[in-house]
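I opened my notebook to follow this chain from its overall layout down to its strands. Here is the structure I looked at.

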Amino acid sequence: MSTAQVPPVTAIGTPRITAGFDEYGRLDLVAHQEVHGGFAALSSGELVGLADRIELRGRGGAGFPFARKVRAVIDSCRRQELPPVIVVNATEGEPPSWKDKAVLTRGPHLILDGAALAAAALEAEEIVIGVADDGVGLNSITEALAERKMPCPTRIVTVPHRFISGEGGALVRGINGEAHIPPGRKVRSSDNGVMGLPTLLSNAETYSQLAIAARIGPWEYNSVGIPEEPGTVMLTIGGSATAPAVVEAPSGTPLMDVLNMCGADLGPGLLVGGYHGKWVSAEAAKTITISRKGFAKVGGTLGAGMLIPIGSKTCPLGEVAQVVQYLAGESAGQCGPCRIGLPDLARAVTLVSLGGNAVENVRQAAGLVKGRGACSHPDGTSRFALSALEVFAADVAAHTNGEGCGKQVRGILPLPYTAEKGARKLALDWSRCDGHGLCSAVAPEIIRLDHNGFPAFPQTPLPPWLEDGARKAVNVCPALALRLTEPTTVK
């Protein structure tokens, strides 16, 4: 799916955030006001009270209570006698996620309303909107800003469209003109964020939900969904779905209702919570309701609302190996678990997908990075890999015994370097190969030798971080049997 094309948007029940999308496509200021109406300004105390009463939590992945964030910023402002900055995280760096971009491109004024509410209540110095440099949504939010007056200076900052660029600390660093990577040590943005000021940072959907609640009030807001998690949830349905979509659904909706609506072939498992999330079995998926509590019952997390069924026609281990390779390449490389541990984990997962008996290597590599990184990237990557071993145990057994699963890697799990930029593959001329084995010695993370001593490697595009190793393997082949194909766009 190209980043230039946001998937269709639909709703289960009465739409709130997505209201007017069907009628107007994109809501300019006039259409936005016609659909949503106006709202009254809030004091800081009213802002906290509203967020508390609707149980508003961050919709970017961590699910942190929004009211607690606001209280922390208020306390920090009083303590330091400084004004705050409001940051909207609309970067959405995970390849499978589209729900924030859907709102950014089609309902930008709802995001701006939420940011304006918070800025006016806290008497903010500035509003900063972080958007990825992939071009999706930038024109829309720029046009929306030009149509209205904000309560304080507001600017848009573009950040690299990378997995880790949307991490809170990385976004603040990028806004401050530093490298777009997480800080080496934990820094609370509520104490020291943009320009050193106390910073309220939350994602685009969170501010949109705040804007809805300010209009309709807590009682009406809480009339939809389940009592402990009221309101609607924005979801991205991809993977094997024949009709991938961004779906707005009331909390408590059965997961299968959403998947069936999108024509999803569940297959043996479903990824919930994105590439830092967890795989759950098909049996477990059929019991889930759309809520933090519902996902927690099966050991998963709602995260940023990504639901990716693997389907029955693709090789899950090959898909998982590609993603772990991608995640290893996306790290900041500033601590041992990322710089050394994640490449080790990627090699081990790749060996399993190629039929190697490396399951214990995966577990060992994951155990060595868990809880030791400067940010959550190593933990999330290890959770993704370990849960795949558990859910796809039958495929692991089939690969390990040499039979294989008989299915191809089809790109069910999207990756930016395959979908957009093109990527190279390794190719082998069997008429030339003499089985010297030098290639596997140079690039063991990519190539292993089969039972006959000939090279075996994934028939999938190489992530950028493996291209140097692949090139070395090509250069040492005395028979000139190995080559790198030219970049091709994978659809």
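I began with the distance between two domains: the C-alpha centres of domain 1 and domain 4 lie 47 Å apart. The model I used is predicted. I looked up the bounds next. Domain 1 covers 17–223, domain 2 covers 225–309, domain 3 covers 316–401 and domain 4 covers 425–485.

Next entry: a parallel sheet. I found 4 strands in an open sheet, ordered S4-S3-S2-S5, with parallel pairing. Strand S4 (154–159) and strand S5 (199–203) are the edges, and each pairs on one side only. Neighbouring strands of this sheet are turned by 20° against each other on average, direction ignored. I noted that strands of a sheet pair through backbone hydrogen bonds.

I then checked one pair. S3 (residues 126–132) and S4 share 6 bridges in the parallel sense. Gly-130 sits opposite Val-157 in S4.

What lies across S2, S3 and S5? I found helix H6 (residues 108–122) there, running at about 160° to S2 (85–90).

Next entry: strand S10 (residues 269–272). Are its faces buried or exposed? Gly-269 and Leu-271 on one side are buried, and so are Leu-270 and Val-272 on the other. I recalled that side chains in a regular strand alternate between the two faces of the sheet.

I looked up the partners of S10. S11 (residues 278–281) runs antiparallel to S10, joined by 4 bridges. Gly-269 stands opposite Ser-281 in S11. S10 and S11 make a hairpin with 5 residues between them, and Gly-273 in the turn has a positive phi of about 85°.

S12 (residues 306–309) also runs antiparallel to S10, with 3 bridges. Here Leu-270 has Pro-309 as its bridge partner.

Key
Residues are numbered from 1 along each chain as its sequence is written. This is a predicted model: local features need pLDDT of at least 70, side-chain atom pairs count only at pLDDT 80 or more; totals for chains, interfaces and linings use all residues. Side-chain values use heavy atoms; hydrogens and water are left out. Two strands pair if DSSP finds at least two bridges between them. Helices (H or I, at least four residues) and strands (E, at least two) are DSSP runs, numbered from the N terminus. Axes are lines fitted to C-alpha atoms, for helices over the stretch in contact, and angles run from 0 to 180 degrees between N-to-C directions. Contact means heavy atoms within 4.5 Å. Domain bounds come from an automatic or database domain assignment. Buried means under 20% relative accessible area, exposed over 50%, partly exposed in between (1.4 Å probe, protein chains only).
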